[in-house]
There are 4 protein chains.
Amino acid sequence: MQTAEMLRTHPGSANTDLAGVINELVACAQACTSCADACLAEENHLTELVRCIRLNLDCADICDATARVVSRQTAFEAGLARSLLEVCAEACRTCAEECERHAEMGMEHCRICAEVCRRCERACREALARLAA
Amino acid sequence: MQTAEMLRTHPGSANTDLAGVINELVACAQACTSCADACLAEENHLTELVRCIRLNLDCADICDATARVVSRQTAFEAGLARSLLEVCAEACRTCAEECERHAEMGMEHCRICAEVCRRCERACREALARLAA
Amino acid sequence: MQTAEMLRTHPGSANTDLAGVINELVACAQACTSCADACLAEENHLTELVRCIRLNLDCADICDATARVVSRQTAFEAGLARSLLEVCAEACRTCAEECERHAEMGMEHCRICAEVCRRCERACREALARLAA
Amino acid sequence: MQTAEMLRTHPGSANTDLAGVINELVACAQACTSCADACLAEENHLTELVRCIRLNLDCADICDATARVVSRQTAFEAGLARSLLEVCAEACRTCAEECERHAEMGMEHCRICAEVCRRCERACREALARLAA
């Protein structure tokens, strides 16, 4: 991922330290899209995975939108970025909690997805701390 | 738009009164995508429209994600939906305020887009009131 | 939807006759998001709806991207728009065929979604004919 | 990025060799979103960057949709994946060509973005060759 380089070469005054959270957001959107799909293929556990699929789809959509908004540094709107990062941390936490339950029962894709969601949640909160400073 | 019919035929207990806000979200995403593009074609005013384009792009992305999350009624997560609707109302208001400035200077696409954003902002707040009840 | 008005007030030479297909694309993305979610709530038929959910998710993503690309009229790239409209018509047809199978077995959300997909497929093909002329 | 791990733990028969193209698609969507934004901040070159911004936005949307569709391996629809990968390669090539023109004139963000687009174009074509086999 070239995220840091793109921020470094931005002609305006870009928050270069946001590269980390953008990378996590993009990775989390991919993991959640993939986990929803893997859950759909769990023929014998489908019913108990319905909430997981739903939260995966939400988390993917929210991470995608947040990655785009935070990537934009021109006329940066810190208030909106912060509000969105907060919702995104909440979406990641909710999805991680659900995936962790299925990870305990042996679902590997949920275990990996939960780790990515937790990492993204943490990155959102760190970005929030930095943007508030 | 078949939004209300889709909610009415949902096998679970769908919030059928969310059809209105979903329609506004979808319309607002389209208007903002289109307004960003129309602004890009304003050769003689491009510099003063940079913030408008940026906010249009953000508002389109946030409305799209919110429309998707709110459309999902299976294992509905009211807390997450509310947080997202709040950020979305904020994005719509910020974009509307910027578009209104350019509407005053005669930009018709900004005038229409501002109206759609204001309608969407209102619809988000009404949905919030309903979901909190 | 204000799609036609946005195209009419575009400062460049916008293809105003694309408003119809944009409206169908946006409606189809919403219907497919909603149908995937309704399928997820069909507790007793979940296994047989897995392919339907998958195609619904694909069709929503492709319609969303196509609506955005076709909404943009500045430096319009007719070749790319055409290629994308062709893939989108294919996605709509594939999804409609699957939904029609479940509509026959009484699933109302699939019946409505299939109608929207067929309408969108037709609108894509009409837009293709117009863009080729 | 955990893309390969997610495919490896998929309970169905996932095309694990698609991890590479998914990573490139996700990186390209981010680079294009970022390049459109960096172009918007080029106050003295804005007019000549209008087409670049437009193609960046298109390429980001198409790469995002393609990454999602290709990430889904349940009830994999090879025909649709191939058609979409072809359009995506075309979008990446068109965007790369435009960015390369601005890279020659010293725009670093366009140079990086062009490289990412070319890598993604190549990855799409390699995936196409593999899916056709």
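Guide: Let's start with the charges: between chain A and chain D the count is 4 salt bridges, where a salt bridge is a side-chain nitrogen of Lys or Arg within 4 Å of a carboxyl oxygen of Asp or Glu. One of them joins the side chains of Asp64(A) and Arg68(D), at 2.9 Å from N to O.

Before going on, some housekeeping. This is a predicted model, in which local features need pLDDT of at least 70 and side-chain atom pairs count only at pLDDT 80 or more, while totals for chains, interfaces and linings use all residues. Residues are numbered from 1 along each chain as its sequence is written, chains are lettered from A and ligands numbered from 1 in the order in which they are written, and side-chain values use heavy atoms, with hydrogens and water left out. On pLDDT (the predictor's confidence in each residue, from 0 to 100), chain A has a mean of 97, and 99% of its residues reach 70 or more. The model's scores are ipTM 0.97 and pTM 0.98.

Back to chain D. The rule also finds 16 residue pairs in polar contact across this interface, both residues at pLDDT 80 or more; a polar contact is a pair of N or O atoms within 3.5 Å, and within protein one must be able to donate a hydrogen and the other to accept it, with residues adjacent in sequence counting only if both atoms are side-chain atoms. On the side of chain A that touches chain D, α1 (3–8), α2 (19–40), α3 and α5 (108–132) each supply at least two residues. The largest share, 11 residues, comes from α2(A). Helices here are DSSP runs (H or I, at least four residues), numbered from the N terminus. By class, that side divides into 15 nonpolar, 12 polar and 9 charged residues; Ala, Val, Leu, Ile, Met, Phe, Trp, Tyr, Cys and Pro count as nonpolar, Asp, Glu, Lys and Arg as charged, and the others, Gly among them, as polar.

In all, 36 residues of chain A are in contact with 36 residues of chain D, contact meaning heavy atoms within 4.5 Å. The area buried between them is about 3,100 Å², with carbon and sulfur atoms giving 60%; buried area is the accessible area (1.4 Å probe) that two parts lose on being put together, summed over both. In chain A, Met6(A), Gln30(A) and Arg68(A) lose the most area to chain D, together 21% of what that side buries.

Now turn to chain C. Here the contact takes 8 residues from chain A and 8 from chain C, and the buried area is about 810 Å², of which carbon and sulfur atoms give 77%. Leu40(A), Leu46(A) and Val50(A) lose the most area on chain A's side, together 51% of what it buries. Helix α3 (residues 50–71) of chain A gives the most to the side touching chain C, with 5 residues.
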